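Here's a quick briefing to read alongside the model. Keep the 3D view open and look up each residue as it comes up.

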Amino acid sequence: MTATTTRPTNRIGLTTQDYQGGTSTLCAGCGHNSITSQIISACYDLSLDPASVIKMSGIGCSSKTPAYFLGRSFGFNTLHGRMPSVSTGAMLANRTMTAIGVSGDGDTGSIGFGQFKHMMRRNVPMVYIVENNGVYGLTKGQHSATADVGQHLKYAGTNSLPPIDICAEAIAADCGFVARSFSGDAKQLRELIKAAISYEGTAVIDIISPCVTFNNEDDSSKSYAYGKDKEERIQDIQFIQSFEEVVVDYEPGSEQIVKLHDGPTIKLRKLTREYDATDRWAAIKLLEESRNADIFVTGLIHINESRPTLQQTMSLIDEPLAYQTEAQLRPSRAAFAAVMAEF
Amino acid sequence: MTSHDTVVSAPIIDPSIPIINDFSLVVATENGSGSQTANNTLIRAIFKMGVPVSGKNLFPSNISGLPTWYTIRVSHQGYAARREYSEILVAYNPRTSDEDLSKLPAGGVCIHPADMKFTTPRSDVVYYPVPVKDFLKEIAPPQHLRDYIINMSYVGVVTQLFNISRDEIESALMHHFNGKRKAVDLNLRMVDLAIAHTVASLPKQDPFRVEPLDKTAGKILIDGNTAAGIGAVVGGVGIVAWYPITPSTSLVDAITEYAPKLRPAVDDKVNYAIIQAEDELAAAGMIVGAGWAGVRAMTATSGPGLSLMNEFGGLAHFAEVPIVIWDIMRMGPSTGLPTRVSQGDILSAYYLGHGDSQHICLLPGDMSECFSFAGTAFDLAERFQTPVLVLSDLDLGMNNWMTAPFEYPETPFDRGKILHTASFEQFLADHDNKWGRYRDVDGDGITYRTIPGNQHPRAGWLGRGTGHNEQAVYSERSEDWQRNMERLSRKLETARTHVPAPVVDARAGATVGIIGYGSTSDAIAEARDQLRAQGIETSSMRLRSLPLNDEVRAFVAAFDVVYVVELNQDSQMLQLLCAHAPKHAGNLAPVNLCDGLPLTATFITNRILAHRASAQK
């Protein structure tokens, strides 16, 4: 315990304490808790005002986590699989908010699959985190739709159906920010979350997040052992805020610099493979190849900033609809009389 | 004909006695043939002559080729309900012509294409054959307009035979085609050909006439969905999320049409969003998100869609999120008869959700309420922080009704107990620095809410459908749960006295009561006149909302018999009335029908007379 007076603060004078939420009620060692920590770190690093954030979720272990971060923020723990539609409504109502959504593989890959796809199709501005453990935790151990063929669970037996790849689905749906990470890879995760928060449209991060209670056997592709053993970072990612200087560290050609709309930059340093995250076809190829080779690739898989957000598509005013006054919402008497005269 | 005792039935028409402004005309065509233009032209012309008129479209769930009937009722008394029979038939659909002809009362009129053959012609009706093919040859309209122009031939014959103003026909066409002279002239050529032919070759043999009156001055003709759409825009709607379903679609179409006129874009940007969702679940989810974030949000749907919104209904009730759901009721169960009317969602709407939930429901009974309840629904949703369902139906929503023009609302929005940054600060100062999202400070069951964007560090809360305490924090404590449920019940009791009160017409000497709601109101008013003519005086109560109040209980108690008129099989409102007034449940008698058609006065009158006759045995 240290004296709180010396606690460091960020640019808006808040401490990490100000980004905390309630105490987690998830199992000790759950990957989701690590992700919660990185959300807190990312928001602190970005100096996000908690009053400008809405936390959204569906139903499941993952969807409980918004209670564990940003306690000051508004949030909505919605229905199973329905976070996308509720978030769509909320972000249309108040486009000035930053939405951070947390879902799981059951919430996204099964019951909410349709809403997930349509949210990306609409390009609803939000960070959409999938805490992917391949198993239904709250109902005690059924296979989810992201479970690998041959995944064996004590309760549910052996899975024989092919997995849904969240990232491949996101790319197919024309999502402009698609990333994959591992709950055990704190640094990469934090940078990805910062980049996702700064991205204008839907940003999907599929995070393998082991379930220590139901699906953490070494042979499971959603286990800690698998993640540590098979992870291949496709690039080193560094998120650079708009007021920070972008320093080129390496020789030309080894870094990809992606400048986001409102100023910040994502710097991607090449590792072992040649990869261009702006190339949608290359992303699909990467996912297919890595699946066949049983490699767990992580990093920013695809980025494309060309699509308008839903609010832009709908030509909404810049101010939040939720704060329109009666004077702004009521038609004029003249306009009303003109409409009545049509009949 | 229905199987019950018929006391009021179709009279035999005597052609020597003029029948002025009191008859019905049914136009039988195939759907997709464009007859709507012709029928609207006739209605508008009669309306502009000052004669009360209403139109009902009985159409199939199909785009093209199936039979459709459009009934126009002309009534100097202003009756707008459907009648059991029409005296005049425009038989333009060869596939139904025999059956249509068989339904005419003796002395009725049949207007038909000259080449139409009836298998079983009747000798007791008047025929007016129309040489449609000759007209077509003369006009030679473009092929794609052929069907529309054909229909104008019956407009011409009807105009001439029944003394409808030809000038008003032209004005109605001008209105329909937004003043496009070329389109008007093409249609008018057929009308005029048919008029000339009628003058020359179809001597008048029937007693029906339209005579100008002064009973529609200052009135308009409109359908309930358009009224509701305009009402929603005027009522401050911010977000409309929806999924297409008959018969609610035209409500959202009206918002799409009138929002840009009523709330024009500034710098090409608008302060509303109309979003077509991927299904009704998503539509409901979007308005829950929008309502939670502080916008007046609504959807429009019908029975099957409402079923899909069930889970969100439960969430919004328990998380206390204001949303408005318009249910334009149609015949169920399942897909049922999608283009036929019903009041079959009363119970499913009232109890939408899971666990215990009763919702505020509004029951518009005329065009002016379709308009005004759109705003009322938002006010109540925000005042009570809860879903409000507006239960309209296909008859109200899609048919044309006469009404006074709507009035610009003079009362301000009721945004309810909402705290923004400054008012939140003040609230804390006034309440010992205590605030909980679900803390009942005023004792009325309604708590104070904050919305995203509130800058106060204590204003945020996590909405949830799970058990929660007054601080909106997850809780499985029995006391927290019980206290919350009791507060929600208290909130319902508060709502009971705030929702639109029933409209009562109490008559001296009334021996029976009649309770009805929604689209049956006109049929009930007409039936009461019929009963009065038979020596039975009635008092009526038109319900305008749920939950039911004390006044309703007193009305049920006040008569030996109270008839409950509704368009569903299970007497759904009667069930709610029994639960509301259990001591007097024995007074209630159902007058219900579930045949897909708008209710007629004759049905109500006959059912009541039969019930009284059997009670006396």
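Let's start with Ile54(A), which touches Phe74(A), Ala90(A), Met91(A), Met97(A), Thr98(A), Ala99(A), Ile100(A), Trp292(B) and Pro452(B), leaving out residues up to four places away in sequence. Touching, or contact, here means heavy atoms within 4.5 Å. This is a predicted model, where local features need pLDDT of at least 70 and side-chain atom pairs count only at pLDDT 80 or more, while totals for chains, interfaces and linings use all residues. Residues are numbered from 1 along each chain as its sequence is written, chains are lettered from A and ligands numbered from 1 in the order in which they are written, and side-chain values use heavy atoms, with hydrogens and water left out.

**More on Ile54(A)**

- You'll find Ile54(A) in strand S1 (residues 53–57) of chain A; helices (H or I, at least four residues) and strands (E, at least two) are DSSP runs, numbered from the N terminus.
- Is Ile54(A) buried or exposed? Ile54(A) counts as buried because its relative accessibility is 1%, and the cut-offs are under 20% relative accessible area for buried, over 50% for exposed and partly exposed in between (1.4 Å probe, protein chains only).
- Leu153(A) is 99 residues from Ile54(A) along the chain, and 35 Å separate their C-alpha atoms.

**Nonpolar cores**

- A nonpolar core is a set of buried Ala, Val, Leu, Ile, Met, Phe, Trp, Tyr and Cys residues joined through side-chain atoms within 4.5 Å.
- The largest one has 145 residues, and Phe177(A), Ile266(A), Trp292(B) and Met573(B) have the most contacts inside it.
- Helix H9 (residues 280–292) of chain B gives the most to this core, with 8 residues.
- There's also a second, separate core of 52 residues, with Val53(B), Val74(B), Ile149(B) and Val155(B) among them.

**Domains of chain B**

- Chain B splits into domain 1 (19–209), domain 2 (222–403), domain 3 (418–496) and domain 4 (503–616), with bounds that come from an automatic or database domain assignment.
- The centres of domain 1 and domain 2 of chain B, taken over C-alpha atoms, are 35 Å apart.
- Between these two, 14 residues of domain 1 of chain B are in contact with 10 residues of domain 2 of chain B.

**The largest pocket**

- The largest pocket has a volume of about 1,400 Å³.
- Of the 47 residues lining the largest pocket, Gln36(B), Asn40(B), Asp223(B), Met398(B) and Asn400(B) are the closest to its centre.
- Which helix gives the most to the lining of the largest pocket? That's H1(B), with 7 residues.
- Domain 1 and domain 2 of chain B each give at least three residues to this lining.

- The peptide bond from Thr246(B) to Pro247(B) is cis, with omega near 5°, and Pro247(B) is in the loop between strand S10 (239–242) and H8 of chain B.
- Another cis peptide bond runs from Gly332(B) to Pro333(B), with omega near 0°.
- Ser334(B) has a phi near 55°, a positive value in a residue other than glycine, and counts as exposed because its relative accessibility is 62%.
- Both Pro333(B) and Ser334(B) are in the loop between S13 and S14 of chain B.
- Ala472(B) has a positive phi too, near 65°, but is buried, with a relative accessible area of 3%.

Technical notes. 1 Å grid on protein atoms, 1.4 Å probe; cavity = no way out; pocket = protein on both sides within 12 Å on 5 of 7 lines; lining within 4 Å. Points joined across faces, edges and corners; volume = space filled by probe spheres on them.
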